[in-house]
Amino acid sequence: MTARSTMPDPDGDRLAGPAAIRPDQNRIVRVGFIPLLDIAVLVAAEEQGFASREGLSLQLIRDVSWANIRDRLAFHQFDVAHMLAPMAVASCVGLGSNPSPTLAPFVLGRGGNAITLSVGLYRDMQALAGLGGNEDALTNARALAQVIAARREAGQRPLVFAMTYPFSSHNYEFRYFMAAAGIDPDRDVTMTVVPPPLTAEAMAAGAIDGFCVNAPWNMIAVERGVGRVVAVKADIWPAAPEKVLGVRPDWAESQPETLSRLIVALDAAARWCDVPENRTTLAAMLAEPGYVGGSPALIGSLLTDRFLVDPDGTLRDIPNYLTFHREAANFPWVSEALWLFSQMARWGQAPLTPQAIERAASAYRPDLYRQALAGSSTPLPLADRKVEGSPVAIEIETTAGPMRLPAAPFLDGRAFEPDRIVDYVAGFPVTHPTSGSGRHDLL
(Lines give C-alpha, C1' and ligand atoms only; values in the text may rest on other atoms or scores of the structure.)
Protein backbone atom coordinates (compact mmCIF):
# COMPACT_ATOMS: atom_id res chain seq x y z
CA MET A 1 0.00 0.00 0.00
CA THR A 2 1.23 3.48 -0.85
CA ALA A 3 2.93 5.41 1.93
CA ARG A 4 0.65 7.92 3.57
CA SER A 5 1.43 11.41 4.72
CA THR A 6 -0.22 13.20 7.63
CA MET A 7 -2.57 16.11 6.96
CA PRO A 8 -4.36 18.49 9.35
CA ASP A 9 -8.14 18.53 9.28
CA PRO A 10 -10.20 21.75 9.61
CA ASP A 11 -10.61 21.22 13.36
CA GLY A 12 -6.88 20.97 13.94
CA ASP A 13 -6.61 17.19 14.43
CA ARG A 14 -3.96 15.15 12.67
CA LEU A 15 -5.40 12.55 10.34
CA ALA A 16 -3.86 9.95 8.09
CA GLY A 17 -3.73 11.12 4.48
CA PRO A 18 -2.31 10.06 1.14
CA ALA A 19 0.82 11.26 -0.56
CA ALA A 20 0.28 14.37 -2.68
CA ILE A 21 -2.12 13.81 -5.60
CA ARG A 22 -2.96 16.34 -8.26
CA PRO A 23 -6.63 17.34 -8.50
CA ASP A 24 -6.92 15.78 -11.96
CA GLN A 25 -5.88 12.44 -10.49
CA ASN A 26 -8.97 12.05 -8.32
CA ARG A 27 -10.37 8.53 -8.49
CA ILE A 28 -14.13 8.23 -8.91
CA VAL A 29 -15.87 5.95 -6.42
CA ARG A 30 -19.49 5.10 -7.26
CA VAL A 31 -21.58 5.00 -4.06
CA GLY A 32 -25.17 3.77 -3.92
CA PHE A 33 -27.43 5.16 -1.19
CA ILE A 34 -31.00 5.37 0.11
CA PRO A 35 -32.29 8.86 1.06
CA LEU A 36 -31.93 8.70 4.85
CA LEU A 37 -30.18 10.99 7.31
CA ASP A 38 -27.43 8.48 7.96
CA ILE A 39 -25.94 9.17 4.53
CA ALA A 40 -24.56 12.23 6.32
CA VAL A 41 -20.99 10.95 6.48
CA LEU A 42 -20.93 10.14 2.75
CA VAL A 43 -22.42 13.51 1.82
CA ALA A 44 -20.03 15.40 4.10
CA ALA A 45 -17.06 13.47 2.72
CA GLU A 46 -17.87 14.71 -0.78
CA GLU A 47 -19.34 18.15 -0.12
CA GLN A 48 -16.84 19.24 2.55
CA GLY A 49 -13.78 18.11 0.58
CA PHE A 50 -12.64 15.21 2.75
CA ALA A 51 -12.80 12.83 -0.21
CA SER A 52 -10.93 15.13 -2.59
CA ARG A 53 -8.25 15.60 0.04
CA GLU A 54 -7.71 11.86 -0.23
CA GLY A 55 -7.60 11.95 -4.02
CA LEU A 56 -11.16 10.67 -4.40
CA SER A 57 -14.39 11.89 -5.97
CA LEU A 58 -17.56 10.26 -4.63
CA GLN A 59 -20.31 9.79 -7.20
CA LEU A 60 -23.33 9.48 -4.91
CA ILE A 61 -26.17 7.60 -6.64
CA ARG A 62 -29.63 7.68 -5.07
CA ASP A 63 -31.76 4.52 -5.12
CA VAL A 64 -35.18 3.54 -3.80
CA SER A 65 -34.83 0.14 -2.13
CA TRP A 66 -32.31 -1.99 -0.27
CA ALA A 67 -32.84 -4.87 -2.69
CA ASN A 68 -31.69 -2.53 -5.48
CA ILE A 69 -28.67 -1.47 -3.43
CA ARG A 70 -27.75 -5.12 -2.86
CA ASP A 71 -28.15 -6.10 -6.52
CA ARG A 72 -26.46 -3.07 -8.06
CA LEU A 73 -23.45 -3.53 -5.78
CA ALA A 74 -23.29 -7.23 -6.72
CA PHE A 75 -23.56 -6.39 -10.42
CA HIS A 76 -20.71 -3.83 -10.21
CA GLN A 77 -22.93 -0.80 -10.88
CA PHE A 78 -21.71 0.54 -7.52
CA ASP A 79 -18.19 0.29 -6.13
CA VAL A 80 -19.40 0.61 -2.53
CA ALA A 81 -22.74 1.28 -0.90
CA HIS A 82 -24.59 2.81 2.01
CA MET A 83 -25.92 -0.43 3.46
CA LEU A 84 -28.00 -1.76 6.32
CA ALA A 85 -25.74 -3.18 9.01
CA PRO A 86 -27.27 -6.71 8.84
CA MET A 87 -27.08 -6.90 5.03
CA ALA A 88 -23.35 -7.64 5.01
CA VAL A 89 -23.86 -10.37 7.61
CA ALA A 90 -26.72 -11.95 5.66
CA SER A 91 -24.70 -11.88 2.45
CA CYS A 92 -21.77 -13.70 4.01
CA VAL A 93 -24.06 -16.33 5.51
CA GLY A 94 -25.63 -16.84 2.07
CA LEU A 95 -29.12 -15.50 2.80
CA GLY A 96 -31.50 -13.80 0.39
CA SER A 97 -32.17 -14.16 -3.31
CA ASN A 98 -28.82 -12.67 -4.36
CA PRO A 99 -26.38 -13.30 -1.51
CA SER A 100 -23.26 -11.82 -3.10
CA PRO A 101 -20.67 -11.62 -0.27
CA THR A 102 -20.21 -8.12 1.11
CA LEU A 103 -17.73 -6.79 3.66
CA ALA A 104 -18.25 -3.98 6.19
CA PRO A 105 -14.97 -2.22 7.09
CA PHE A 106 -16.61 0.98 8.39
CA VAL A 107 -19.81 1.82 10.29
CA LEU A 108 -21.46 4.95 8.88
CA GLY A 109 -23.54 5.78 11.90
CA ARG A 110 -25.57 4.69 14.90
CA GLY A 111 -29.10 5.66 15.81
CA GLY A 112 -31.90 7.20 13.77
CA ASN A 113 -34.50 4.42 13.70
CA ALA A 114 -37.94 4.74 15.24
CA ILE A 115 -41.11 2.66 15.47
CA THR A 116 -44.14 4.65 14.34
CA LEU A 117 -47.72 3.44 14.69
CA SER A 118 -50.80 4.94 13.10
CA VAL A 119 -52.44 7.63 15.19
CA GLY A 120 -55.63 5.56 15.32
CA LEU A 121 -53.79 2.52 16.65
CA TYR A 122 -51.97 4.58 19.26
CA ARG A 123 -55.23 6.18 20.41
CA ASP A 124 -56.63 2.65 20.84
CA MET A 125 -53.58 1.84 22.99
CA GLN A 126 -54.21 4.95 25.07
CA ALA A 127 -57.87 4.07 25.60
CA LEU A 128 -57.23 0.42 26.48
CA ALA A 129 -54.04 0.77 28.55
CA GLY A 130 -54.53 4.29 29.93
CA LEU A 131 -51.41 5.73 28.32
CA GLY A 132 -50.74 9.36 29.09
CA GLY A 133 -48.32 9.96 26.21
CA ASN A 134 -44.94 9.94 27.96
CA GLU A 135 -44.51 6.22 28.67
CA ASP A 136 -41.33 4.30 27.92
CA ALA A 137 -40.95 1.93 24.99
CA LEU A 138 -41.63 -1.27 26.93
CA THR A 139 -44.86 0.16 28.37
CA ASN A 140 -45.92 1.12 24.86
CA ALA A 141 -45.13 -2.39 23.63
CA ARG A 142 -47.27 -3.91 26.38
CA ALA A 143 -50.12 -1.57 25.49
CA LEU A 144 -49.80 -2.70 21.87
CA ALA A 145 -50.02 -6.31 23.07
CA GLN A 146 -53.33 -5.49 24.79
CA VAL A 147 -54.76 -4.01 21.59
CA ILE A 148 -53.62 -7.03 19.56
CA ALA A 149 -55.30 -9.38 22.04
CA ALA A 150 -58.51 -7.32 21.98
CA ARG A 151 -58.57 -7.31 18.17
CA ARG A 152 -58.09 -11.08 18.10
CA GLU A 153 -61.00 -11.61 20.48
CA ALA A 154 -63.16 -9.33 18.33
CA GLY A 155 -62.27 -11.27 15.17
CA GLN A 156 -60.55 -8.30 13.53
CA ARG A 157 -57.77 -8.65 10.97
CA PRO A 158 -54.16 -8.79 12.20
CA LEU A 159 -52.30 -5.50 12.23
CA VAL A 160 -49.91 -4.95 9.33
CA PHE A 161 -46.44 -3.64 10.17
CA ALA A 162 -43.74 -2.62 7.71
CA MET A 163 -39.97 -2.63 7.79
CA THR A 164 -37.59 -1.75 5.01
CA TYR A 165 -35.86 -5.07 4.31
CA PRO A 166 -35.94 -8.60 5.79
CA PHE A 167 -32.29 -8.42 6.83
CA SER A 168 -32.41 -5.03 8.49
CA SER A 169 -32.02 -3.50 11.91
CA HIS A 170 -35.57 -2.19 11.40
CA ASN A 171 -36.93 -5.72 11.16
CA TYR A 172 -34.98 -7.00 14.15
CA GLU A 173 -35.67 -3.94 16.31
CA PHE A 174 -39.40 -3.98 15.57
CA ARG A 175 -39.48 -7.71 16.37
CA TYR A 176 -37.43 -7.19 19.54
CA PHE A 177 -39.81 -4.44 20.65
CA MET A 178 -42.88 -6.61 20.16
CA ALA A 179 -41.42 -9.84 21.52
CA ALA A 180 -40.31 -8.09 24.72
CA ALA A 181 -44.02 -7.61 25.44
CA GLY A 182 -44.97 -11.15 24.47
CA ILE A 183 -46.14 -10.35 20.91
CA ASP A 184 -45.16 -13.00 18.35
CA PRO A 185 -44.26 -11.11 15.14
CA ASP A 186 -44.82 -14.21 13.00
CA ARG A 187 -48.20 -15.18 14.46
CA ASP A 188 -49.87 -12.16 16.04
CA VAL A 189 -49.26 -9.55 13.29
CA THR A 190 -48.40 -9.41 9.59
CA MET A 191 -44.92 -8.15 8.68
CA THR A 192 -44.26 -6.73 5.23
CA VAL A 193 -41.61 -4.73 3.35
CA VAL A 194 -42.07 -1.09 2.30
CA PRO A 195 -39.18 1.10 1.02
CA PRO A 196 -38.32 3.97 3.42
CA PRO A 197 -39.57 6.87 1.23
CA LEU A 198 -42.98 5.19 0.85
CA THR A 199 -43.71 4.36 4.50
CA ALA A 200 -45.50 7.58 5.46
CA GLU A 201 -47.63 7.40 2.30
CA ALA A 202 -48.51 3.74 2.96
CA MET A 203 -49.62 4.65 6.48
CA ALA A 204 -51.67 7.59 5.23
CA ALA A 205 -53.38 5.26 2.74
CA GLY A 206 -54.22 2.78 5.50
CA ALA A 207 -52.13 0.03 3.90
CA ILE A 208 -50.03 -0.42 7.06
CA ASP A 209 -50.65 0.16 10.76
CA GLY A 210 -47.06 0.88 11.73
CA PHE A 211 -43.47 0.82 10.53
CA CYS A 212 -39.87 0.95 11.66
CA VAL A 213 -37.55 3.05 9.51
CA ASN A 214 -34.73 5.57 9.78
CA ALA A 215 -35.01 9.35 9.89
CA PRO A 216 -36.60 11.47 8.58
CA TRP A 217 -39.57 9.33 7.53
CA ASN A 218 -40.92 8.77 11.04
CA MET A 219 -41.18 12.48 11.76
CA ILE A 220 -42.63 13.08 8.31
CA ALA A 221 -45.48 10.69 9.18
CA VAL A 222 -46.00 12.55 12.47
CA GLU A 223 -45.95 15.95 10.75
CA ARG A 224 -48.56 14.71 8.28
CA GLY A 225 -50.78 13.78 11.21
CA VAL A 226 -50.88 10.05 10.45
CA GLY A 227 -48.17 8.61 12.74
CA ARG A 228 -47.19 8.39 16.41
CA VAL A 229 -43.65 7.38 17.48
CA VAL A 230 -43.67 4.83 20.31
CA ALA A 231 -39.98 3.83 20.45
CA VAL A 232 -36.63 4.82 19.00
CA LYS A 233 -33.48 2.83 18.41
CA ALA A 234 -31.95 4.10 21.65
CA ASP A 235 -34.81 2.47 23.56
CA ILE A 236 -34.12 -0.95 22.06
CA TRP A 237 -30.31 -0.99 21.83
CA PRO A 238 -28.55 2.39 22.16
CA ALA A 239 -25.23 1.26 20.67
CA ALA A 240 -26.64 -0.61 17.68
CA PRO A 241 -24.85 -0.14 14.34
CA GLU A 242 -27.29 1.21 11.79
CA LYS A 243 -25.60 1.60 8.40
CA VAL A 244 -22.23 0.37 7.17
CA LEU A 245 -20.05 0.86 4.15
CA GLY A 246 -20.77 -2.20 2.01
CA VAL A 247 -17.83 -3.36 -0.09
CA ARG A 248 -17.47 -6.33 -2.45
CA PRO A 249 -14.49 -8.55 -1.53
CA ASP A 250 -13.14 -8.41 -5.09
CA TRP A 251 -13.18 -4.59 -5.07
CA ALA A 252 -11.48 -4.48 -1.67
CA GLU A 253 -8.76 -6.82 -2.95
CA SER A 254 -8.23 -5.04 -6.29
CA GLN A 255 -8.48 -1.48 -4.89
CA PRO A 256 -6.80 -1.63 -1.46
CA GLU A 257 -5.35 1.87 -1.62
CA THR A 258 -8.63 3.41 -2.78
CA LEU A 259 -10.50 1.64 0.01
CA SER A 260 -7.97 2.82 2.55
CA ARG A 261 -8.22 6.41 1.33
CA LEU A 262 -12.01 6.18 1.41
CA ILE A 263 -11.99 5.03 5.04
CA VAL A 264 -9.68 7.90 5.95
CA ALA A 265 -12.02 10.38 4.21
CA LEU A 266 -15.08 8.92 5.92
CA ASP A 267 -13.39 9.02 9.31
CA ALA A 268 -12.68 12.74 8.88
CA ALA A 269 -16.21 13.38 7.61
CA ALA A 270 -17.76 11.47 10.52
CA ARG A 271 -15.72 13.55 12.96
CA TRP A 272 -16.97 16.71 11.22
CA CYS A 273 -20.60 15.52 11.34
CA ASP A 274 -20.44 15.07 15.11
CA VAL A 275 -19.46 18.69 15.75
CA PRO A 276 -22.66 20.48 16.89
CA GLU A 277 -21.71 23.71 15.14
CA ASN A 278 -21.67 21.85 11.81
CA ARG A 279 -25.18 20.41 12.10
CA THR A 280 -26.94 23.40 10.46
CA THR A 281 -24.68 23.12 7.42
CA LEU A 282 -25.15 19.35 7.41
CA ALA A 283 -28.95 19.72 7.52
CA ALA A 284 -28.87 22.08 4.54
CA MET A 285 -26.75 19.62 2.55
CA LEU A 286 -28.99 16.66 3.34
CA ALA A 287 -32.12 18.65 2.42
CA GLU A 288 -30.90 18.96 -1.16
CA PRO A 289 -33.25 17.04 -3.51
CA GLY A 290 -30.44 14.84 -4.79
CA TYR A 291 -29.73 13.54 -1.28
CA VAL A 292 -32.60 13.22 1.22
CA GLY A 293 -34.71 16.26 0.32
CA GLY A 294 -37.33 17.83 2.52
CA SER A 295 -37.25 20.61 5.08
CA PRO A 296 -33.87 21.77 6.42
CA ALA A 297 -35.67 22.74 9.64
CA LEU A 298 -37.10 19.25 10.13
CA ILE A 299 -33.72 17.62 9.39
CA GLY A 300 -31.97 20.13 11.63
CA SER A 301 -34.32 19.26 14.49
CA LEU A 302 -33.45 15.57 14.17
CA LEU A 303 -29.75 16.36 14.01
CA THR A 304 -30.05 18.26 17.28
CA ASP A 305 -31.84 15.36 19.04
CA ARG A 306 -35.25 17.08 19.07
CA PHE A 307 -37.99 14.67 18.00
CA LEU A 308 -41.69 15.32 17.35
CA VAL A 309 -43.45 12.10 18.41
CA ASP A 310 -47.15 12.97 18.16
CA PRO A 311 -49.23 15.22 15.87
CA ASP A 312 -50.52 16.90 19.02
CA GLY A 313 -47.10 18.54 19.36
CA THR A 314 -45.50 16.22 21.92
CA LEU A 315 -41.71 16.52 21.68
CA ARG A 316 -39.02 14.22 23.00
CA ASP A 317 -35.36 15.01 23.58
CA ILE A 318 -33.22 11.99 22.65
CA PRO A 319 -29.53 12.48 23.50
CA ASN A 320 -27.25 11.14 20.77
CA TYR A 321 -30.20 10.29 18.53
CA LEU A 322 -27.71 10.17 15.65
CA THR A 323 -24.04 9.44 16.36
CA PHE A 324 -21.47 9.57 13.57
CA HIS A 325 -18.00 9.34 15.16
CA ARG A 326 -17.62 9.55 18.92
CA GLU A 327 -17.26 6.52 21.20
CA ALA A 328 -15.77 4.35 18.43
CA ALA A 329 -19.01 4.69 16.44
CA ASN A 330 -17.32 3.77 13.15
CA PHE A 331 -15.55 0.64 14.40
CA PRO A 332 -16.98 -2.59 12.88
CA TRP A 333 -17.21 -4.77 15.99
CA VAL A 334 -17.36 -8.46 15.15
CA SER A 335 -19.53 -8.94 18.25
CA GLU A 336 -22.13 -6.61 16.70
CA ALA A 337 -22.16 -8.69 13.53
CA LEU A 338 -22.73 -11.77 15.67
CA TRP A 339 -25.62 -10.15 17.55
CA LEU A 340 -27.25 -9.33 14.22
CA PHE A 341 -26.77 -12.95 13.20
CA SER A 342 -28.32 -14.08 16.49
CA GLN A 343 -31.53 -12.35 15.43
CA MET A 344 -31.45 -14.03 12.02
CA ALA A 345 -31.19 -17.34 13.83
CA ARG A 346 -33.83 -16.34 16.38
CA TRP A 347 -36.42 -15.75 13.67
CA GLY A 348 -35.63 -18.78 11.51
CA GLN A 349 -33.78 -16.93 8.76
CA ALA A 350 -30.47 -18.74 9.31
CA PRO A 351 -29.22 -22.01 10.81
CA LEU A 352 -27.44 -21.65 14.13
CA THR A 353 -24.42 -23.74 13.14
CA PRO A 354 -20.68 -23.23 13.76
CA GLN A 355 -20.13 -22.70 10.04
CA ALA A 356 -22.84 -20.02 9.80
CA ILE A 357 -21.53 -18.28 12.93
CA GLU A 358 -18.03 -18.20 11.44
CA ARG A 359 -19.29 -16.76 8.16
CA ALA A 360 -21.33 -14.13 10.00
CA ALA A 361 -18.26 -13.03 11.96
CA SER A 362 -16.29 -12.63 8.71
CA ALA A 363 -18.62 -9.89 7.42
CA TYR A 364 -17.25 -7.13 9.66
CA ARG A 365 -13.61 -6.24 9.01
CA PRO A 366 -11.94 -4.34 11.87
CA ASP A 367 -8.57 -5.29 10.35
CA LEU A 368 -9.24 -3.12 7.28
CA TYR A 369 -10.43 -0.28 9.51
CA ARG A 370 -7.26 -0.41 11.62
CA GLN A 371 -5.01 -0.71 8.58
CA ALA A 372 -6.49 2.40 6.96
CA LEU A 373 -6.38 4.54 10.10
CA ALA A 374 -3.10 3.38 11.57
CA GLY A 375 -1.11 6.40 12.75
CA SER A 376 -4.14 8.71 12.78
CA SER A 377 -5.59 10.54 15.77
CA THR A 378 -8.63 8.25 15.82
CA PRO A 379 -8.51 5.79 18.75
CA LEU A 380 -8.51 2.25 17.36
CA PRO A 381 -9.97 -0.51 19.59
CA LEU A 382 -7.49 -3.31 20.13
CA ALA A 383 -10.10 -6.09 20.49
CA ASP A 384 -12.62 -7.22 17.86
CA ARG A 385 -15.34 -8.29 20.29
CA LYS A 386 -17.00 -7.07 23.45
CA VAL A 387 -20.12 -7.78 25.50
CA GLU A 388 -23.04 -6.05 23.76
CA GLY A 389 -25.91 -4.48 25.65
CA SER A 390 -24.01 -3.96 28.88
CA PRO A 391 -26.20 -2.30 31.54
CA VAL A 392 -23.14 -0.49 32.92
CA ALA A 393 -20.37 1.50 31.27
CA ILE A 394 -17.44 -0.55 30.02
CA GLU A 395 -13.82 0.32 29.33
CA ILE A 396 -12.05 -0.77 26.17
CA GLU A 397 -8.40 -0.52 25.25
CA THR A 398 -7.46 1.53 22.19
CA THR A 399 -4.32 2.75 20.50
CA ALA A 400 -4.85 6.05 22.34
CA GLY A 401 -5.35 4.41 25.74
CA PRO A 402 -8.51 3.36 27.61
CA MET A 403 -11.87 4.51 26.26
CA ARG A 404 -15.04 4.45 28.33
CA LEU A 405 -18.19 3.41 26.49
CA PRO A 406 -21.51 4.29 28.14
CA ALA A 407 -24.05 1.72 29.26
CA ALA A 408 -26.13 0.51 26.31
CA PRO A 409 -28.68 -2.02 27.61
CA PHE A 410 -31.15 -3.86 25.44
CA LEU A 411 -34.85 -3.20 25.97
CA ASP A 412 -35.32 -6.45 27.88
CA GLY A 413 -32.08 -6.14 29.87
CA ARG A 414 -30.43 -9.25 28.36
CA ALA A 415 -26.74 -8.70 27.53
CA PHE A 416 -25.13 -10.54 24.61
CA GLU A 417 -21.89 -12.47 25.05
CA PRO A 418 -20.67 -13.31 21.54
CA ASP A 419 -19.08 -16.59 22.64
CA ARG A 420 -22.42 -17.83 24.03
CA ILE A 421 -24.62 -17.13 21.03
CA VAL A 422 -26.41 -20.52 21.11
CA ASP A 423 -27.49 -20.08 24.74
CA TYR A 424 -28.48 -16.48 24.03
CA VAL A 425 -30.87 -17.41 21.21
CA ALA A 426 -32.33 -20.29 23.22
CA GLY A 427 -33.07 -17.97 26.14
CA PHE A 428 -35.72 -15.86 24.38
CA PRO A 429 -39.31 -16.71 25.35
CA VAL A 430 -40.56 -15.64 21.90
CA THR A 431 -38.41 -17.18 19.19
CA HIS A 432 -38.65 -19.40 16.10
CA PRO A 433 -35.07 -20.58 15.52
CA THR A 434 -36.05 -23.71 13.60
CA SER A 435 -39.58 -23.01 12.40
CA GLY A 436 -39.12 -19.92 10.25
CA SER A 437 -41.33 -19.99 7.17
CA GLY A 438 -38.52 -18.84 4.90
CA ARG A 439 -40.59 -15.96 3.58
CA HIS A 440 -37.97 -13.48 4.82
CA ASP A 441 -35.44 -14.94 2.36
CA LEU A 442 -37.48 -14.32 -0.76
CA LEU A 443 -36.53 -10.69 -1.44
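Reader: Which residues lie nearest the centre of the second largest pocket, and how many line it?

Author: In this predicted model, the second largest pocket has 15 lining residues, and G133, N134, E135, R228 and R316 lie nearest its centre. Its volume is about 170 Å³.

Reader: What makes a residue part of the lining?

Author: A lining residue has an atom within 4 Å of a point of the pocket. On that basis α6 (137–153), β11 (227–232) and β14 (315–317) each supply at least two residues to the second largest pocket. The largest share, four residues, comes from β11.

Reader: What is the volume of the largest pocket, and which residues lie nearest its centre?

Author: The largest pocket has about 440 Å³. Of its 30 lining residues, P238, A239, E327, P406 and A408 lie nearest the centre. Both β6 (107–111) and α10 (233–236) supply at least two residues of this lining, which divides into 18 nonpolar, five polar and seven charged residues.

Reader: Why are the buried residues of α13 said to line one face of the helix?

Author: Buried means under 20% relative accessible area, and in α13 (residues 279–286) R279, L282, A283, M285 and L286 are buried. Seen down the helix axis, these residues fall within an arc of 160°, so they line one face. An α-helix has 3.6 residues a turn, so residues three or four places apart point the same way. The buried residues of α13 pack against α1 (40–47), α12 (256–273), α14 (296–303) and β15 (322–323).

Reader: What makes α17 a mostly covered helix?

Author: Six of the eight residues in α17 (366–373) are buried, namely P366, L368, Y369, R370, A372 and L373. Just after this helix, G375 has a positive phi of about 85°.

Reader: Which members of the largest nonpolar core touch the most others?

Author: L144 and F177 do, in a core of 162 residues. The helix α12 gives the most to this core, with eleven residues.

Reader: Which residues is F177 in contact with, leaving aside its neighbours within four places in sequence?

Author: Contact requires heavy atoms within 4.5 Å. By that test F177 is in contact with I115, A137, N140, A141, L144, V230, A231, I236 and L411.

How values were computed
Residues numbered from 1 in each chain as written. Predicted model: local features only at pLDDT ≥ 70, side-chain atom pairs only at ≥ 80, totals over all residues. Heavy atoms only, no water. Buried < 20%, exposed > 50% of the residue type's maximum accessible area, 1.4 Å probe, protein only. Arc of directions from axis to C-beta. Core = buried A, V, L, I, M, F, W, Y, C linked by side-chain atoms within 4.5 Å. 1 Å grid on protein atoms, 1.4 Å probe; cavity = no way out; pocket = protein on both sides within 12 Å on 5 of 7 lines; lining within 4 Å. Points joined across faces, edges and corners; volume = space filled by probe spheres on them. Nonpolar A, V, L, I, M, F, W, Y, C, P; charged D, E, K, R; others polar.
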